[in-house]
Amino acid sequence: MPADDLRSRMWRELLALTPDRWPAIRHAVAARIAAELLAQLDRPPPPGSRLHRERHLRAERICHREVA
Amino acid sequence: MTSQDETLREKASRLMNEYEALGPRPGGESAYTEGILAYQQLLAEYPQDARLHLEFGYLQECRGRNLIRAAAGCYERAIELDPDWDKPHYQLILARSALVESERVIDLYKQRLAAAPDQIREYRFLAHAYLRNGALEEASQVIAAGRRLEPDDARLLDIEAEVLDAAGRREEALAIWQRLKERDPEDLSPYFMSAFTLEALGRYREAAAEWHYIIGWMEAHDDAVHTTWPKEMLAGIEAKLAGEAS
């Protein structure tokens, strides 16, 4: 049996054995993925990035009354 | 503040300033309506006056921004009323991005993701928010994280194609759109995206083929009213092809 088939079969059987646990497992894994991602994204935007430039643009607009 | 000997030009300028300051607040709408009339009258008399064109344009720009802000409010209300509907989220992201309010919209979708980390739609929304605000690296990070949860998500794939396209990796983007077309021929989005990218690459014949498909699909699905603009795009490309041939 090819390795991929074996892996997917094992995975299916595991899910079948623990149907009630699966949502909790998925949620726990997802929470970790999201936490890692959000920690990465929470770093300030690097100078030269568009988000960084946008902060300056907004400040300039306010200075020059260019916001409706 | 008005004065009796105020000229029409002074009046127009005053109304523009009032609308700029008040927007949708009391007094703003009437200033806008009167201001438009004043500028139209002035421009009919002085069509070569650059300053008048600037001020008239700016008055309309202020109005446009306020209308987009009002639209964003409508999308927020639609989201409150129907939290499971994705469409108003994408519209909200576009509207806030048009208002140069990227941090506001990105923060909103970060918070939503933190609150519902197992919902793939939250990764799609956040990736889309970054993409629409030109933050391609961040959009890619979100796509990669979402893929750990749902490796084969078509919407994330579509957003990835746009990220690649925006980064100048157009062949890779086209390859993804080709995959998406094969997966769901009824979804026109990858055809539109391919048409733009092929035109940008100067591959006009292929771009024209995309527009032909889009127009044919719309006509076959009783949506001829939306073919006007695709037909204009096709005509533009055919003109370029004719230019190449001559």
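1. B:R203 has a relative accessible area of 26% and is therefore partly exposed (buried is under 20%, exposed over 50%, partly exposed in between, with a 1.4 Å probe and protein chains only). In this predicted model, local features need pLDDT of at least 70 and side-chain atom pairs count only at pLDDT 80 or more, while totals for chains, interfaces and linings use all residues. Residues are numbered from 1 along each chain as its sequence is written, chains are lettered from A and ligands numbered from 1 in the order in which they are written, and side-chain values use heavy atoms, with hydrogens and water left out.

2. The side chain of B:R203 meets that of B:E171 in a salt bridge of 2.9 Å, N to O (a side-chain nitrogen of Lys or Arg within 4 Å of a carboxyl oxygen of Asp or Glu). This pair links distant parts of the chain, 32 residues apart, with B:E171 in helix α9 (residues 170–183) of chain B and B:R203 in the loop between α10 (189–200) and α11 (204–220) of chain B (helices are DSSP runs of H or I, at least four residues, numbered from the N terminus).

3. B:E61 forms a salt bridge with B:R65, their closest N and O atoms being 3.0 Å apart, and both residues lie in helix α3 (residues 50–81) of chain B, 4 residues apart, about one turn of the helix. B:E61 counts as partly exposed because its relative accessibility is 39%, whereas B:R65, at 8%, counts as buried.

4. A further salt bridge joins B:D165 to B:R170, with the closest N and O atoms 3.6 Å apart. B:D165 is buried at 16% relative accessibility, and B:R170 is partly exposed at 30%.

Technical notes
Helix = DSSP H or I, 4+ residues; strand = E, 2+ residues; numbered from the N terminus.
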